[in-house]
There are 2 protein chains.
Amino acid sequence: MGITDRKIRQKEEVRASILDAAWEMVVTEGWQSFSIRKIADAIEYSVPVIYSHFENKDAILLEFNRKGFKLLADSLSAAKKGKASPADEIRAMGRAYWQFAFTNKEYYQLMFGLGIPTCDTVSKIPAMQEFNEVITSSIVAMAAETKKPVVDPFLKYQSFWSMLHGLVSINMVVPEDKMTHGAGMPERVLEDVLCSFIRGIEG
Amino acid sequence: MGITDRKIRQKEEVRASILDAAWEMVVTEGWQSFSIRKIADAIEYSVPVIYSHFENKDAILLEFNRKGFKLLADSLSAAKKGKASPADEIRAMGRAYWQFAFTNKEYYQLMFGLGIPTCDTVSKIPAMQEFNEVITSSIVAMAAETKKPVVDPFLKYQSFWSMLHGLVSINMVVPEDKMTHGAGMPERVLEDVLCSFIRGIEG
DNA sequence: TATTTTTGCTAACGCTGTTATAAAAAATAA
DNA sequence: TTATTTTTTATAACAGCGTTAGCAAAAATA
């Protein structure tokens, strides 16, 4: 049945146009102007059409969350590749995390700003697990090398993420031009934080 | 003029009742049900009365922001008092920050969750400066003791706050009963993070 | 061509923040 | 005490939001 095929294809196109229009609006006008009605307007369909593609507004946000975490997990994974030591991997991931946050402000704000992922959402976003693993594996590797103390990898994973997230979220709201301490300051804080984290594992 | 006096007094009472009713609702039902109309309902006045006390919704939030930062600054200040060393002061403040966040979830969510304070809001909230200073002074004191390297106090202040905020915000969304790693885990992460921060200054 | 299925729109419900307008109450002046 | 002015408060509207029920139009099937 070619007809059914075409219908599926067309439906998929509308779905994609919803996500495209929504993302376009978020990037140009920010999350505060993310609205079902505006999306409907942009794709030149009536509002209920959107509800035949997504259960509700949150379902659209969930979709962006998925994309965001996939992008982040892939970025960290790529940053690790080819590094000489676990410590270097961790440093590289820290910088990649920072870079992801600021080259994808909208994603970061959704993923960690509006409401940090709860336990339920973890199951809906497989890439969150990836994110966890790509970090933890480097920590485990490093702990294995420096066999001084027995570090809890999950504890260190949480510390690592905490430091990075705190750093990012505090710097994200400050407009570039309003930085009291000259440019490059946040990056120095990042390096400072990474440095003390590495030393914390080395013991 | 006793009449004008009484009017001012009564107006002040209504203003207080607005804040009381609003806070009551936030504590029992969360920020998502914070609404001008519901407040009006609770204080048994019509909606426009609220607008004769506060310019808009954000002005009410600003008021809570002020209270929250005052409370936090005072908590940190009290935690410092009587500690033997700057390092102890920092540890005490870290724990006090953590405790503030979880015994005042609603305040913390407003202050750092919904939208972290921007540069403009700093000028509207004097207690934010207090918060900055009470932390920085301990860092400076500690750097003076261990005269090894010349640490940038503002950099260390940002690191400190970043770590704490990240830690708190990641743990705040996880429901108590859903902690994968037994109770007391977040506190261990806190101590871990504090420890590596202190060492980062000691050099 | 007639019938059934699919698709999409209009219009509504109930909620939000904010404000213009008008009525009621209180304070002042005569 | 009565008339006038000022202050206080409420009603009702505007414009926006997410969501959904009901119905008309279009498309596919018989």
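User: How do the residues of the surface near DNA strand C divide into nonpolar, polar and charged?

Analyst: The model is a predicted one. Nine residues of the surface near DNA strand C are nonpolar, three are polar and four are charged.

User: What makes a residue count as near DNA strand C, and which are the closest?

Analyst: The criterion is a C-beta atom, placed from the backbone, within 6 Å of the strand. Around DNA strand C there are 16 residues, the closest being Ser46(A), Ser35(B), Ile36(B), Asn56(B) and Lys57(B). Two or more residues come from each of helix H3 (47-51) of chain A, helix H2 (36-43) of chain B and helix H3 (47-51) of chain B.

User: Which residues come nearest to DNA strand D?

Analyst: Of 18 residues around DNA strand D, Ser35(A), Ile36(A), Asn56(A), Lys57(A) and Ser46(B) come nearest. Here the elements giving two or more residues are helix H2 (36-43) and H3 of chain A, with H3 of chain B. The surface near DNA strand D divides into ten nonpolar, four polar and four charged residues.

User: Why is Ser77(A) called partly exposed?

Analyst: A residue is buried at 20 or more C-beta neighbours within 10 Å and exposed at 12 or fewer. Ser77(A) has 15 such neighbours inside 10 Å, and therefore counts as partly exposed. Ser77(A) belongs to helix H4 (residues 57-80) of chain A.

User: Which residues of H4(A) are buried?

Analyst: They are Ile60(A), Asn65(A), Gly68(A), Phe69(A), Leu72(A), Ala73(A), Leu76(A) and Ala79(A). In chain A, 32% of the 203 residues count as buried.

User: What does Leu76(A) touch, beyond residues up to four places away in sequence?

Analyst: Contact requires C-beta atoms within 7 Å. On that basis Leu76(A) touches Met93(A), Ala96(A), Tyr97(A), Phe131(A), Val134(A) and Ile135(A). In the largest nonpolar core, of 78 residues, Leu76(A) is one of those that touch the most other members, together with residues including Phe131(A), Ile135(A) and Leu167(B).

Technical notes
Residues numbered from 1 in each chain as written. Chains lettered and ligands numbered in written order. Predicted model: local features only at pLDDT ≥ 70, side-chain atom pairs only at ≥ 80, totals over all residues. Helix = DSSP H or I, 4+ residues; strand = E, 2+ residues; numbered from the N terminus. Nonpolar A, V, L, I, M, F, W, Y, C, P; charged D, E, K, R; others polar. Core = buried A, V, L, I, M, F, W, Y, C linked by C-beta atoms within 7 Å. Contact = placed C-beta atoms within 7 Å.
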